[in-house]
Amino acid sequence: MAKSTQSLSGRLSDMDLRLLRVFREVVQAGGLAPAEVALNINRSTISVHLSDLETRLGMQLCIRSRGRADFKLTPEGESLYQAILELDGHLATFKSQVNAIQSQLTGKLRVILPDDALAMPQLDLPATIARLRERAPQLQLDIQLAAPHELELEILAGRADVGINPLHSRRPGLSYQPLFSHQSLLYAAAGHPCTVVDTDDERITQQELAAPDHAVLSGAAHLYRLFPNKSIANHMAARLAMILSGKFIGFLPTYLAEEYVRNEQLAALRPERFCYQIQNAITCKSSAVKQPAVQLFTTSIRIHDSHVKP
């Protein structure tokens, strides 16, 4: 066969890779006819592909005849076959490295959560953390708790990557994925004057309210405005402690108050009147939605369909 001036310079094209694959299968099958099944093409087409590859490389790769037994590699063909096997090994290594990158996230994931996240019945936080560790054992977790009004600000300021926060407004630059809702009621400690029967709205709203100092959820703002006397308690634990003191009343999620109601330490005040719903959402910067660690956190959360009675 006459030598050609063509060579495999520059990038390998899809056609080059296809021709090399045909050649590899023919060699491994031991001839053109046995390779028909592996390649799912007829013998004449295989022969054309081999001729195209020989022309492309400018060398004879094999000696073949019409029979099944007469197939033999030339020295050039043997060298090319060994080079293809080496290429296959490199590709296998590349695939392994990519899989390792995908399965072994490194670096740090900074998560910001409400200060009462552990008490939320719909959110099994320990199980979520366990799934994160199992799926990304090399990923360092930095989990912080914050008051509701601080959660979005921490993410916007770049001090947290992702969090769960009350969805009461949508800030530009943030992405929200709704999770679950819970109900909040107005509570007073057992023995508080407002726990007596037939307490009216006016008497209730004259009590001192343990409340956050920030703008409250849009769905609850009208209720907070009814109380002219307020003391500050941004964190849920502080609010609970103030209410349990018997000197204040305040709004709490029903899941947080449930145990104290059952033990007759707290009582809900006019639940049909003083109540509101809170929607919670996974929150992150819009630019971070597709980051692998953020996506891993999102897929690790499994919501329980829990109904917490007031």
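Q: Are Phe 251 and Tyr 276 buried or exposed?
A: The model is a predicted one, and the answer rests on relative accessible area, where buried means under 20%. By that cut-off, Phe 251 and Tyr 276 are both buried.

Q: How many aromatic pairs does a search of the whole structure find, and what is the angle between the planes of Phe 227 and Phe 274?
A: A pair of aromatic rings is described by the distance of the centres and the angle of the planes. Searching the whole structure gives 5 aromatic pairs. In the one formed by Phe 227 and Phe 274, the centres are 6.0 Å apart and the pair is tilted, the angle between the planes being 55°.

Q: How many residues apart in sequence are the parts that the pair of Phe 227 and Phe 274 ties together?
A: Phe 227 is buried, at a relative accessible area of 0%, and Phe 274 also counts as buried, at 0% relative accessibility. Phe 227 lies in the loop between helix H8 (221–224) and strand E8 (230–232), while Phe 274 lies in the loop between strand E10 (266–268) and strand E11 (275–285), so the parts tied together by this pair are apart in sequence by 47 residues.

Q: Why is the pair of Phe 251 and Tyr 276 tilted, and which strands hold the two residues?
A: Planes under 30 degrees apart would count as stacked and planes over 60 as edge-to-face. The ring centres of Phe 251 and Tyr 276 are 5.4 Å apart and their planes lie at 55°, so the pair is tilted. Parts that are 25 residues apart in sequence are tied together here, because Phe 251 lies in strand E9 (residues 249–253) and Tyr 276 in strand E11.

Q: Which residues do ring pairs link into a cluster?
A: Phe 227 pairs with Phe 274, and Phe 251 pairs with Tyr 276. The cluster that ring pairs build is made up of Tyr 224, Phe 227, Phe 251, Phe 274 and Tyr 276.

Q: Which residues are linked with Arg 273 in a network of salt bridges?
A: Side chains of opposite charge can pair when their charged atoms come close. Glu 272 and Arg 270 meet in a salt bridge at 2.8 Å, N to O, with Glu 272 exposed at 57% relative accessibility and Arg 270 partly exposed at 30%. The network links Arg 273 with Asp 201, Arg 270 and Glu 272.

Q: How many residues apart are Asp 161 and Arg 110, which form a salt bridge?
A: In this salt bridge the closest N and O atoms are 2.8 Å apart, with Asp 161 buried at 16% relative accessibility and Arg 110 partly exposed at 25%. Asp 161 is in the loop between helix H6 (148–156) and strand E5 (162–166), and Arg 110 is in strand E3 (residues 108–114), so the pair links distant parts of the chain, 51 residues apart.

Technical notes:
Residues numbered from 1 in each chain as written. Predicted model: local features only at pLDDT ≥ 70, side-chain atom pairs only at ≥ 80, totals over all residues. Heavy atoms only, no water. Phe/Tyr/Trp six-rings, centres within 6.5 Å; stacked < 30°, edge-to-face > 60°. Helix = DSSP H or I, 4+ residues; strand = E, 2+ residues; numbered from the N terminus. Buried < 20%, exposed > 50% of the residue type's maximum accessible area, 1.4 Å probe, protein only. Salt bridge = Lys/Arg side-chain N within 4 Å of Asp/Glu carboxyl O.
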